[in-house]
Amino acid sequence: MTNLNTVNTDKSRVLYFDVLNILATLSVVFLHCNGTAHIYSNTLGWYQALFIEVFLYWPVPVFFMLTGATLMEYRSRYTTSQFFKKRFLRTVIPFVFWTLINAVLKGINPFEIGFGQFISRCFLTSVENVYWFFIPLFSVYLALPVLSLLKNHRRILWYLAGSTFLLTSLLPPVFKYIGLSWNTNLNMPMSAGYLLFVILGYLFSTEELSRKQRLVIYGFGIFGAVLRYTMTVILSVGDGVINKMFFSYTEYYSVFLAVAVFVMLRYMKPVNFLRDKKEVLSKISGCSFGVYLIHMIIIRFFNSILPETFFGAVWRMTAPVFIYLIALLITFVLKKIPIIKNIVP
C-alpha cells in the first residue's frame, strides 16, 4: 500500500463518503424493519431476514470508519476546543432532545419512575435502544484529540489496528470456538471498543490500494458474511432458537465486511459516474443523521396502524425505502426551520 500524500482536506465533500453515508443510513432502516431475523423459525421468511441481517451488518462499523476518515485531520481545520463545541452541538444536543421526545411518545414519566431512574434510562439508552450508538461515539470523540496526533505516524496506526484486530477481533472469538477462555486484560487498551474502525477508516481513506489488494479485501469481506450466515443457520437450527454467537460488530467477520464495503465504494467506478450529482448527494447525506434520529418513530407509527399480517417479506423489502424517504423529507424540512434545525444537524 502506498501512502496518498495529497488528500482532500474537505472530507465532508468526498463523493464516496456521501454515498457510503446514504447507503449506510438506508441499510440501518432495513435492519430495523427486519426484526424477524432475531426470532428463529425454520421458514423461508427467517432465512431471508437473516440474509438481510448479515449482508447489511456493516453500517455501524462503517459509520465509525467515516468518523476516522473525516475527523482524524480535524486539527488542520479548527482547534480542539472548536472540535468539541462542534461535536457537542451536532451530537449531544440532538441525543438529549430526541431521547426526551421518545420518552414523551412512549409515556415514560420521570415523576412516576423517579428522576434518577429516568436519567439512568436516558444514559443507558433504554428510552430508545437504537441510540446506543451515541455512547461509543462520544467515547470516540473524547479519544480523537489524542489519536489525531498520530495521523502522520502511519506505522504506529497500523500497529494499533493490527494488534487490536488480533487481540480483540480475532483471538477472543477463536478461543471461544475451541472452548477456551480469553483473558480480556490482554486486549489493546489504547484502541479499545470502536476505535479500531476509526483508525481503519482513516488509513483506508488515505492509502492507495492495488487491484490485487482490493480483491483480497473483497474476498475476506465475502468470507466473513458467508461464514456468519452459515454458522448462524447451523447453530440456530441445532439450538431451536436464534444463536447469536456471530452477532458482534467488533469481531473479525464484521471487520472484514465493513472494510470490504468501505474500500469497494471508494474504488467503484459507478460512484464516479455520480460526480455531476455531487451537490444533491451531499444534501441527502447531510440529512442522514436526522433520518437516524427519527426513523424509529416512523416505524413504530406504522407498527401501530398496520395489521400484523402485513409484516412479512414485502415489508422487509419495500417498507425501509418508504420509511427512509419519509424520514428524509421530514429531516429536510426541519433543517430549513431556524433553531429547530439544530436538532437535526
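**Close-up views of a predicted model**

**View 1. Packing of helices α1 and α15.** Helix α1, which spans residues 15–32, packs with α15 at an angle of about 125°, and their axes are 8 Å apart. The structure is a predicted model.

**View 2. Packing of helices α14 and α15.** Helix α15 also packs with α14 (residues 288–305), at an angle of about 125° and with the axes 9 Å apart. The pair α14 and α15 is therefore classed as oblique. The crossing of α14 and α15 is right-handed.

View 3. Phe-332 belongs to helix α15, which covers residues 313–334. The relative accessibility of Phe-332 is 40%, so this residue counts as partly exposed.

**View 4. Ile-339, a residue with positive phi after α15.** Ile-339 is situated in the segment that follows α15. Its phi is positive, at about 70°, although Ile-339 is not a glycine. With a relative accessibility of 68%, Ile-339 counts as exposed.

**View 5. Thr-125, a residue with positive phi in a loop.** The loop between α6 (115–123) and α7 (134–147) contains Thr-125. This residue, Thr-125, is not a glycine, yet has a positive phi of about 60°. Is Thr-125 buried or exposed? Thr-125 counts as buried, because its relative accessibility is 7%.

**View 6. The salt bridge between Glu-53 and Arg-228.** The structure holds 7 salt bridges. In one of them, the side chains of Glu-53 and Arg-228 meet with an N to O distance of 3.5 Å. Glu-53 comes from helix α2 (residues 44–55) and Arg-228 from helix α10 (residues 211–239), so the pair ties together parts that are 175 residues apart in sequence. Glu-53 and Arg-228 are both buried.

**View 7. The salt bridge between Arg-154 and Glu-207.** Arg-154 and Glu-207 form a salt bridge in which the closest N and O atoms are 2.6 Å apart. Arg-154 is part of helix α8 (residues 154–177), whereas Glu-207 is part of strand β2 (residues 207–208), so the pair ties together parts that are 53 residues apart in sequence. Arg-154 has a relative accessible area of 13% and is therefore buried. Glu-207 likewise counts as buried, at 3% relative accessibility.

**View 8. The salt bridge between Glu-279 and Lys-283 in helix α13.** The closest N and O atoms of the salt bridge between Glu-279 and Lys-283 are 3.9 Å apart. Which helical spacing separates Glu-279 and Lys-283? They are 4 residues apart in helix α13 (residues 278–286), and so are separated by about one helical turn. Glu-279 has a relative accessible area of 57% and is exposed.

**View 9. A network of salt bridges.** Three residues, Lys-106, Glu-128 and Arg-300, are linked in a salt-bridge network.

View 10. Phe-63 lies in helix α3, which runs over residues 59–71. The relative accessible area of Phe-63 is 18%; with the limit for buried set at under 20%, Phe-63 is buried. Along the chain Phe-63 and Phe-262 are 199 residues apart, while their C-alpha atoms are separated by 9.9 Å.

**View 11. Leu-257 and Gly-221.** Leu-257 is located in helix α11 (residues 252–267). Its relative accessible area is 11%, so Leu-257 is buried. The C-alpha atoms of Leu-257 and Gly-221 are 4.0 Å apart in space, and the two residues are 36 residues apart in sequence.

Terms used: Residues are numbered from 1 along each chain as its sequence is written. This is a predicted model: local features need pLDDT of at least 70, side-chain atom pairs count only at pLDDT 80 or more; totals for chains, interfaces and linings use all residues. Side-chain values use heavy atoms; hydrogens and water are left out. Helices (H or I, at least four residues) and strands (E, at least two) are DSSP runs, numbered from the N terminus. Buried means under 20% relative accessible area, exposed over 50%, partly exposed in between (1.4 Å probe, protein chains only). Axes are lines fitted to C-alpha atoms, for helices over the stretch in contact, and angles run from 0 to 180 degrees between N-to-C directions. Angles under 35 degrees count as roughly parallel, over 145 as roughly antiparallel, 65 to 115 as roughly perpendicular and the rest as oblique. A crossing is left-handed if the near helix is turned anticlockwise from the far one by less than a right angle, and right-handed if clockwise. A salt bridge is a side-chain nitrogen of Lys or Arg within 4 Å of a carboxyl oxygen of Asp or Glu.
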